[in-house]
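Subject: Structure handover

Dear colleague,

Here is the structure for your files. My notes on it follow below the model.

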Amino acid sequence: MGCRTSKVLPEPPPDVQLDLVKKLEPQQTDVYKNFIRVDGSDKKTGSPSPQGQSQATGAATHSPTAGKGQLEPSEPRRNKVAKYRAKFDPRVTAKYEIKALIGRGSFSRVVRVEHKGTRQPYAIKMIETRWREGREVCESELRVLRRVRHTNIIQLMEVFETAERVYMVMELATGGELFDRIIARGSFTERDATRVLRMVLDGVRYLHMLGITHRDLKPENLLYYHPGADSKIMITDFGLASTRKKGDECLMKTTCGTPEYIAPEILVRKPYTNAVDMWALGVISYILLSGTMPFEDDNRMRLYRQILKGKYSFSGEMVRSLFTSSEEKFRSQKSSSVWIKDWH
């Protein structure tokens with residue numbers, strides 16, 4: 001879940017209290033930076049965030065356009081794949097053939113693999129747990145994924161653990177992110193948007209029934225199972241999720257999320273419920289129908305003021321007509337999740 005060195009937010013307005021945004025990054029050499037990608041390039045998956053971050057989405061995203069027109073790997077590339085394959089735990093490589101790196105984050109890498117016995121493709125999300133922040137992300141994801149089994153939620157198949165890494169074997173979603181389809185289409189028809197939202201809502205309802213609040217719902221964390229128009233949507237990336245057992249206090253206090261999708265009650269540091277997921281779904285609905293963000297500003301504090309005021313407008317065809325000129329701006333809005341300091 002993204003993270004760099006700590007930054008102080010701009011001074012908040014007098015009636016709003018905000019903590020520091022914690023962006024942490026392990027101080028290490030990226031041993032996977034030269035791994036052969038599925039498209040044969042070093043380009044990171046997806047559009048860059050405003051902070052220039054990249055994160056491994058959920059566990060199983062793969063661009064439907066990757067690999068088009070690519071040539072057979074040269075001998076040096078085969079050697080490079082072999083070199084980096086050696087860095088995986090032997091228990092993993094004994095069972096799975098490592099194919100390509102398809103996503104990366106500050107504490108994680110997502111690789112496409114193939115089961116040696118069944119030839120079934122999967123995704124493995126490797127999380128570095130030698131750093132506290134990596135362990136927290138890993139523990140959060142595993143708490144959720146070990147409990148859930150739903151057609152619209154990414155499925156965990158098995159887990160390998162070592163002293164410094166955890167390898168989560170998951171379903172491989174090959175259809176790419178909802179974010180990318182919005183970019184490609186500009187906006188969705190009401191019929192198509194309804195179909196997408198119905199699947200997401202079904203998954204969110206299931207999570208809420210289990211006492212799980214996602215807290216980072218956004219188009220980047222909604223994956224298509226396959227490239228076809230009839231593909232199902234799967235919810236992924238539970239690094240910021242909150243889990244509650246029966247009888248536990250249902251209110252949450254940790255301030256976290258992705259800025260453009262954060263609910264007002266989180267920004268003003270009030271105890272909140274799983275309704276914050278519904279706010280994020282409202283933002284996603286707006287994006288699907290218009291191709292633009294309801295709340296956007298390069299200045300983080302002005303963005304938060306817009307959210308707190310609920311200040312947005314939607315005028316149908318006029319908004320759609322603006323998409324062409326604002327596509328790049330929307331593309332640049334693909335931002336990373338952030339933790340904002342826990343309350344004490």
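A search of the whole structure finds 16 salt bridges, a salt bridge being a side-chain nitrogen of Lys or Arg within 4 Å of a carboxyl oxygen of Asp or Glu. This is a predicted model, in which local features need pLDDT of at least 70 and side-chain atom pairs count only at pLDDT 80 or more, while totals for chains, interfaces and linings use all residues. Residues are numbered from 1 along each chain as its sequence is written, and side-chain values use heavy atoms, with hydrogens and water left out.

Overall figures

The chain has 10 helices and 12 strands. Helices (H or I, at least four residues) and strands (E, at least two) are DSSP runs, numbered from the N terminus. Of its 344 residues, 51% count as buried. Buried means under 20% relative accessible area, exposed means over 50%, and partly exposed is in between (1.4 Å probe, protein chains only). Among contacts in the chain with a separation of 6 or more, 70% are between residues 24 or more positions apart, where contact means heavy atoms within 4.5 Å.

Salt bridges

Side chains of opposite charge can pair when their charged atoms come close. Asp-192 and Arg-185 form a salt bridge with an N to O distance of 2.6 Å. Both ends are partly exposed: Asp-192 has 28% relative accessibility and Arg-185 has 42%. Asp-297 pairs with Arg-302 in a salt bridge at 3.1 Å, N to O. Here Asp-297 is partly exposed at 21%, and Arg-302 is partly exposed at 45%. A network of salt bridges links Glu-97, Lys-99, Glu-114 and Arg-119.

In the salt bridge between Arg-91 and Asp-89, the closest N and O atoms are 3.0 Å apart. Arg-91 is partly exposed, with 42% relative accessibility, whereas Asp-89 counts as buried because its relative accessibility is 15%. Asp-89 sits in the loop between helix H1 (75–85) and helix H2 (90–95). Leaving aside neighbours within four places in sequence, Asp-89 is in contact with Thr-162 and Tyr-167. The C-alpha atoms of Asp-89 and Tyr-167 are 8.8 Å apart, for a sequence separation of 78 residues.

Backbone

Most residues other than glycine have a negative phi, and most peptide bonds are trans. Which residues have a positive phi without being glycine? Arg-215 is one of them, with a phi of about 70 degrees. Arg-215 lies in the loop between strand E7 (212–213) and strand E8 (222–224) and is buried at 11% relative accessibility. Asp-237 is another, with phi near 65 degrees. The loop that holds Asp-237 runs between strand E9 (233–235) and strand E10 (242–243), and Asp-237 counts as buried because its relative accessibility is 0%.

Asp-237 and Val-137 are 100 residues apart along the chain, and their C-alpha atoms are separated by 9.6 Å. Val-137 belongs to helix H3 (residues 132–145) and is buried, at 8% relative accessibility.

Cavities

Rolling a probe the size of a water molecule over the atoms shows where empty space is left. The structure holds 4 cavities of 30 Å³ or more, and the largest cavity contains about 90 Å³ of space. Of the 13 residues lining the largest cavity, Arg-215, Tyr-261, Ile-262, Val-276 and Ala-280 are the closest to its centre. On a 1 Å grid over the protein atoms alone, a cavity is a set of points where a 1.4 Å probe fits but cannot get out, and lining residues have an atom within 4 Å of a point. Grid points are joined across faces, edges and corners, and a volume is the space filled by probe spheres set on the points.

Strand E11 (255–257) and helix H7 (275–290) each supply at least two residues of the lining of the largest cavity, and the largest share, 3 residues, comes from H7. By type, the lining of the largest cavity has 8 nonpolar, 2 polar and 3 charged residues. Ala, Val, Leu, Ile, Met, Phe, Trp, Tyr, Cys and Pro count as nonpolar, Asp, Glu, Lys and Arg as charged, and the others, Gly among them, as polar.

Regards

Terms used: 1 Å grid on protein atoms, 1.4 Å probe; cavity = no way out; pocket = protein on both sides within 12 Å on 5 of 7 lines; lining within 4 Å.
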